[in-house]
Amino acid sequence: MSMSNANFPMDAEGRTYHVGVKRGELANRVLTVGDPARAMVLSRFLDGVDPATPAKTVPTNLFSYSSHRGFLTITGRYKGVPVSIVAIGMGVSMMDFFVRECRAIVDGPMVMIRLGSCGSLSDAAVGDICVPSSSYLVQRNVDYFAPGDAVAKPYHLSRQFEADPEITKVLVKNMTASLGEGHVWSGVNATADSFYSSQGRQDNNFVDKNEDLFDELLAHEPNTQTLEMETFVLYHLAKTSTAAPLKHSALVNIHNNNSIRAGGCMMVFAQRKTNGFITKEDVARIEPLAGKAVFDSLVEVELGSESELHSSVDS
Ligand code: R1P
């Protein structure tokens, strides 16, 4: 694959360097997940899929593209509306690749909703769903561990960025319809730059200084409910997305007139207060229920007046 433009590399066909999709292959409404197997399970909800499609395969009537860097994109329609599913793997960098490269090859406004898994710091139990209305970033402060004079704290906790309030509301409504009252929680998410140190896991092979991290998170934001590894970047980039591509890096339109509306929800896989972990059977039961609620939300939210006309995918 031969790329041009070191600033934003694309190949001769217009495929982006990492996600690998080009104009016309991605819908304006995107559901993003971490695990490619989850993307394949959820693709069963798209229009015209043969129910006999074997597990862990992409239905043959849908467009799909597996990139050399591990991104899987599936595009089809849900209730007649073009939608895509993109599996991105894990971590803040993968979310950054996803949001920026997908934004670059789609015309018009976009809606992006993440369905992930998480650890719960609240009373949300294993198998419940959390729909965070905002998120902050937890970063290991590497300077703290460097030789020399000590710096303030081993972990840096950022300010919060909000999800689109309408998407959050619609997600809570549809998740409640799908999973039942008492299984859907609102609150604040913390996105960590490690599964281990900056999520307060104890690992005596390393000096992590994270024994008090949960207390620090709850002091920072008493409504901290979930810990995972991507949502902050999605909310943050949506809030800094510009209404039209900028010709220079001027800081305009920030938090106003964004071209991406974002939301997020997550299944509790780990209960960090009680140390519980979800079973394979519960994942298989909950994933489709949550996935259907996200698709219903994805097509319920308005993109904007002209957007459907400018939808990139019109298969
Ligand atoms: C860690 O096991 C992974 O699971 C969570 C975390 O955010 C991290 O990516 O989300 P996904 O299940 O969506 O990957």
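Residues are numbered from 1 along each chain as its sequence is written, and side-chain values use heavy atoms, with hydrogens and water left out. Because the model is predicted, local features need pLDDT of at least 70 and side-chain atom pairs count only at pLDDT 80 or more, whereas totals for chains, interfaces and linings use all residues.

**View 1. The second largest pocket and its lining.** This pocket (on a 1 Å grid over the protein atoms alone, an open set of points where a 1.4 Å probe fits, with protein on both sides within 12 Å along at least five of seven lines) has a volume of about 650 Å³. Its lining, meaning residues with an atom within 4 Å of a point, holds 32 residues, and Asp35, Arg38, Ser117, Phe269 and Glu287 lie nearest the centre. Two or more lining residues come from each of α1 (36-43), β7 (110-120), β12 (224-228), β13 (260-271) and α6 (280-300), where helices (H or I, at least four residues) and strands (E, at least two) are DSSP runs numbered from the N terminus. The largest share, 5 residues, is given by β7.

**View 2. Asn5, a residue with positive phi.** Asn5 sits in the loop between β1 (3-4) and β2 (10-11), and its phi is near 75°. Most residues other than glycine have a negative phi. Asn5 counts as partly exposed because its relative accessibility is 45%, between the limits for buried (under 20%) and exposed (over 50%), with a 1.4 Å probe and protein chains only.

**View 3. Lys56, in the loop between α1 and β4 (63-66).** The phi of Lys56 is near 60°, again a positive value in a residue other than glycine. With 68% relative accessibility, Lys56 counts as exposed.

Methods:
Points joined across faces, edges and corners; volume = space filled by probe spheres on them.
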